[in-house]
Amino acid sequence: MNTKDNFTISAFKMLLSIVALVIILPMVTNVTDHSFYVTVSVYVLGKYIELVSKITERQLKIFYIIYIIGTIVGILAVAMCFYAFADTNVSNGVSNTLTFNWILMGMTVAFCFIDIADFVYCICKLSYTKKKLQHFKSF
């Protein structure tokens with residue numbers, strides 16, 4: 001893959017993350033429905049698998065830290081979703097609160113910021129590569 005392909009894939013992933021957040025956001029206030037937890041768990045599990053696969057790639061050290069923090073947030077978010085699945089059958093459970101849903105939404109937004117950070121890094125890398133190529137073009 002070249003730099004332009006990485007940029008295109010990163011832009012597409014960022015766009016899909018934002019669309020997923022727009023789909024998830026209206027469901028936050030509904031504390032009695034399982035659809036919020038199902039949607040968040042599917043989104044977070046997909047991003048979690050992607051982050052785990054990225055840890056083995058060669059990246060900047062800051063991205064290793066971001067990816068490791070992302071995997072920890074992913075484990076917590078999935079655990080919260082599974083707890084909500086188990087707790088919604090009990091009346092007045094912890095997961096039947098709006099605060100629980102907003103904390104889970106915050107973790108989901110953290111995954112979107114990881115995609116945005118990847119996108120910004122690809123923009124910087126692409127512009128740096130173009131600048132280097134123009135330097136060789138002047139010779």
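Modeller: With the helices: here they are DSSP runs of H or I, at least four residues, numbered from the N terminus. Keep in mind that this is a predicted model.

Biologist: How far apart along helix α2 are Glu-50 and Lys-47?

Modeller: Glu-50 and Lys-47 are three residues apart in helix α2, so about one helical turn separates them. Their side chains meet in a salt bridge, 3.3 Å from N to O.

Biologist: What lets side chains pair like that?

Modeller: Side chains of opposite charge can pair when their charged atoms come close. The structure holds three salt bridges. Another joins Glu-50 to Lys-13, with the closest N and O atoms 3.0 Å apart. That pair links distant parts of the chain: Lys-13 lies in helix α1 (residues 3–24) and Glu-50 in helix α2 (residues 35–55), 37 residues apart.

Biologist: Which residue does Asp-115 pair with?

Modeller: Asp-115 meets Lys-47 in a salt bridge at 2.6 Å, N to O. This pair also links distant parts of the chain, with Asp-115 in helix α4 and Lys-47 in helix α2, 68 residues apart. Through shared partners, salt bridges join Lys-13, Lys-47, Glu-50 and Asp-115 into one network.

Biologist: Is Lys-47 buried or exposed?

Modeller: The cut-off for buried is under 20% relative accessible area. Lys-47 has 10%, so Lys-47 counts as buried. Glu-50 is buried too, at 16%. Lys-13 is partly exposed, at 28%.

Biologist: What does the side chain of Thr-108 reach?

Modeller: The backbone oxygen of Leu-104, at 2.9 Å. Thr-108 sits in helix α4 (residues 98–137) and is buried, with a relative accessible area of 0%.

Note on methods: Residues numbered from 1 in each chain as written. Predicted model: local features only at pLDDT ≥ 70, side-chain atom pairs only at ≥ 80, totals over all residues. Heavy atoms only, no water. Helix = DSSP H or I, 4+ residues; strand = E, 2+ residues; numbered from the N terminus. Buried < 20%, exposed > 50% of the residue type's maximum accessible area, 1.4 Å probe, protein only. Polar contact = N/O pair within 3.5 Å; in protein donor to acceptor, adjacent residues only side chain to side chain. Salt bridge = Lys/Arg side-chain N within 4 Å of Asp/Glu carboxyl O.
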